[in-house]
Amino acid sequence: MKYYTWLLSAVSFLYLGCTTSSTVSDHVVSIQVIGGDKSFEMTDVVSRTDTIRLVPKHGCVVGDIQDYCLDDSLVYVLDNGKSLFSFQVRTGKMENYIHHVGHGRNEYIAPKAVCVRNGFVYLLDFQGKSVLMYDRSLTFLKRVTIPFTALDFSVVSDGFLFFNLNRGGIYRRVVYTDFQGQVKDSFLDSDGTMDYLLNDKVFSEIGNKQVYYTDFPTGDVYYWNDKTLEKVYALDFVGLN
């Protein structure tokens, strides 16, 4: 039987080799990373790495992992072959998988990211401009369409946050919608840089409630406070090209 060793990183910044200046406001921490031409090791920024050995069922093949998310007992894995898998966190054994590529209501064209919240699994279809919703066993429930192309997303308490690929349109860089895909607001003006295309994973979650957005070209990190994006960290890589 073929096994897949997959690293899940529980990341906390140690800021080794870094200095933290005084806060630039009551809520924003400015962090100067002083390194010159130094190469940073993983241990400089990661405090712990957990490993899950994935055990697919006979005949199933997991491709390169494009995205993943976890709930209390299952890890959901999206591979570059457009398949979505669920595995037990404790044993690594495969529970279910789907590969529903097409143009039907319960099918997707180009899945890009996966999230889980409150027992439901959400899959972002980049080319289909939609989010597909499943139960924990990956049974299809519904499709939500959105009026723009998104590279990444996150599920919040009352809807979605999307990383909007469209530049110069009516919506800004981060779009906030309800669970029906209706736009409620958008944030952060687009500057047209192509750096975003190299860092398409911009949202991260701690548990099911804390959602962060990383603006890679500026180095700023924002926290979703249930109403808007609030800048909490400003990274300054001193001496780095």
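**View 1. R173, a buried arginine in a loop.** At 5% relative accessibility, R173 falls under the 20% cut-off and therefore counts as buried. The model shown here is predicted. R173 sits in the loop that links β14 (159-164) with β15 (174-177). What lies 2.3 Å from a polar atom of the R173 side chain? The backbone oxygen of D189 lies there.

View 2

**View 2. The β13 and β14 pair.** Strands β13 and β14 run antiparallel and are joined by six bridges. Within this pair, F153 stands opposite F162 of β14. In a regular strand, side chains alternate between the two faces of the sheet.

**View 3. The β5-β6 hairpin.** Strand β5 covers residues 65-70, and strand β6 covers residues 74-79. How many residues does the hairpin use to join β5 to β6? Three residues make the link. The two strands pair in the antiparallel sense, over five bridges.

**View 4. The whole protein.** The protein has zero helices and 20 strands. Of its 241 residues, 40% are buried. R173 from the opening view is one of the buried residues. The protein exposes about 12,900 Å². Carbon and sulfur atoms supply 50% of that area. Among contacts with a separation of 6 or more, 45% are between residues 24 or more positions apart.

**View 5. Confidence, and residues 1-25.** The average pLDDT of the protein is 82, and 76% of the residues score at least 70. Over residues 1-25, by contrast, the pLDDT is below 50. This stretch still has 69 contacts in the model beyond near neighbours in sequence. How should such a region be read? Where pLDDT is low, the predicted coordinates should not be read in detail.

Note on methods: Residues numbered from 1 in each chain as written. Predicted model: local features only at pLDDT ≥ 70, side-chain atom pairs only at ≥ 80, totals over all residues. Heavy atoms only, no water. Helix = DSSP H or I, 4+ residues; strand = E, 2+ residues; numbered from the N terminus. Buried < 20%, exposed > 50% of the residue type's maximum accessible area, 1.4 Å probe, protein only. Contact = heavy atoms within 4.5 Å. Areas by Shrake-Rupley, 256 points an atom, 1.4 Å probe, with all protein chains shown as cover. Pairing = 2+ DSSP bridges. Polar contact = N/O pair within 3.5 Å; in protein donor to acceptor, adjacent residues only side chain to side chain. pLDDT = per-residue confidence, 0-100.
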